[in-house]
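Here is a short report on one protein model. Look at the sequence and the structure, then read on.

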Amino acid sequence: VQIRPIKLVDGGHASRGHRIASISPPHSTRLVFWLQFALHFRRLVTGHKNSVFIALGLAPTVFLATLSLGVRSWGLIGSERIYPPSETPTLVMRVARRIFYRRLSFVVVQSERSIAWFRDALHVPVSKLVLIPNVVRLPASGLTASSGANGSLGTRHPVIACVGRLAEQKGFDHALEVFRLVRSACSEAHMLIVGEGPLDRELRL
């Protein structure tokens, strides 16, 4: 079953005439699912050598890099959102990343620190490392909220804004704990959470 963002992306590209293939084979167990996935994906890569394949995250990128072995393609793009040393993937994932990442066309990361790590630890050529920061650029004066009758936060004061999917893995509970410390030091501070997801109701309480 595709999640909503994937459906939206697929639909947008399909409406512009692109052919979209989303792989989600029927399965009875996790092992059967991944075996079927590997088979379908390998057929897709070998049958569409002039296509672009984009993997989002460590595990999908490892799959892309390993299952495309022997395929000459300029469009094998992997990505990692997290600074690698800050997480502890399985030994298989670490070994596969070290062996196969250099054969990808590009690896997209979100910080200069990640670029340095992939360059120094995995020896991925800098020409293959692409930086797309996951940031919101704020004005030099900072983010504030003004008073008004449209539901704003009141008089001008510091605002901490958190934007993202309201899910457990995003750590909004940690953000709230940190904000309590901020509020104890600055009573005028406010927190603004923007997003939607399964924790919507819980975060509103």
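The protein's secondary structure consists of seven helices and six strands. Helices (H or I, at least four residues) and strands (E, at least two) are DSSP runs, numbered from the N terminus. Along the sequence the pattern reads α-α-β-α-β-α-β-α-β-β-α-β-α.

This is a predicted model, where local features need pLDDT of at least 70, side-chain atom pairs count only at pLDDT 80 or more, and totals for chains, interfaces and linings use all residues. Residues are numbered from 1 along each chain as its sequence is written, and side-chain values use heavy atoms, with hydrogens and water left out.

**Confidence**

pLDDT is the predictor's confidence in each residue, from 0 to 100. The mean for the protein is 79, and 76% of residues reach 70 or more.

| Element | Residues | Mean pLDDT |
|---|---|---|
| helix α1 (lowest) | residues 4-15 | 60 |
| strand β3 (highest) | residues 106-109 | 94 |

Over residues 145-152 the pLDDT is below 50. Beyond near neighbours in sequence, this stretch has 13 contacts in the model; a contact means heavy atoms within 4.5 Å. Where pLDDT is low, the predicted coordinates should not be read in detail.

**Inside**

Of the 205 residues, 27% are buried. Buried means under 20% relative accessible area, exposed over 50%, and partly exposed in between (1.4 Å probe, protein chains only).

Take helix α5, residues 112-121. Its buried residues are S114, I115, W117, F118 and A121. Seen down the axis of α5, they fall within an arc of 165°, so they line one face of the helix. That arc is taken from the directions from the helix axis to the C-beta atoms. They pack against α4 (91-100), β3 and β4 (129-131). The face turned away from the buried side carries exposed E112 and R113.

R97 lies in helix α4. Is R97 buried or exposed? R97 is buried, because its relative accessible area is 4%. Residues touched by R97, not counting those up to four places away in sequence, include E80, E87, W117 and F118.

**Outside**

The protein exposes about 14,300 Å², and carbon and sulfur atoms supply 59% of it. Accessible areas come from the Shrake-Rupley method with a 1.4 Å probe; for residues, only the protein chains shown count as cover.

W74 sits in the loop between α3 (58-67) and β2 (76-79). W74 counts as exposed because its relative accessible area is 56%.
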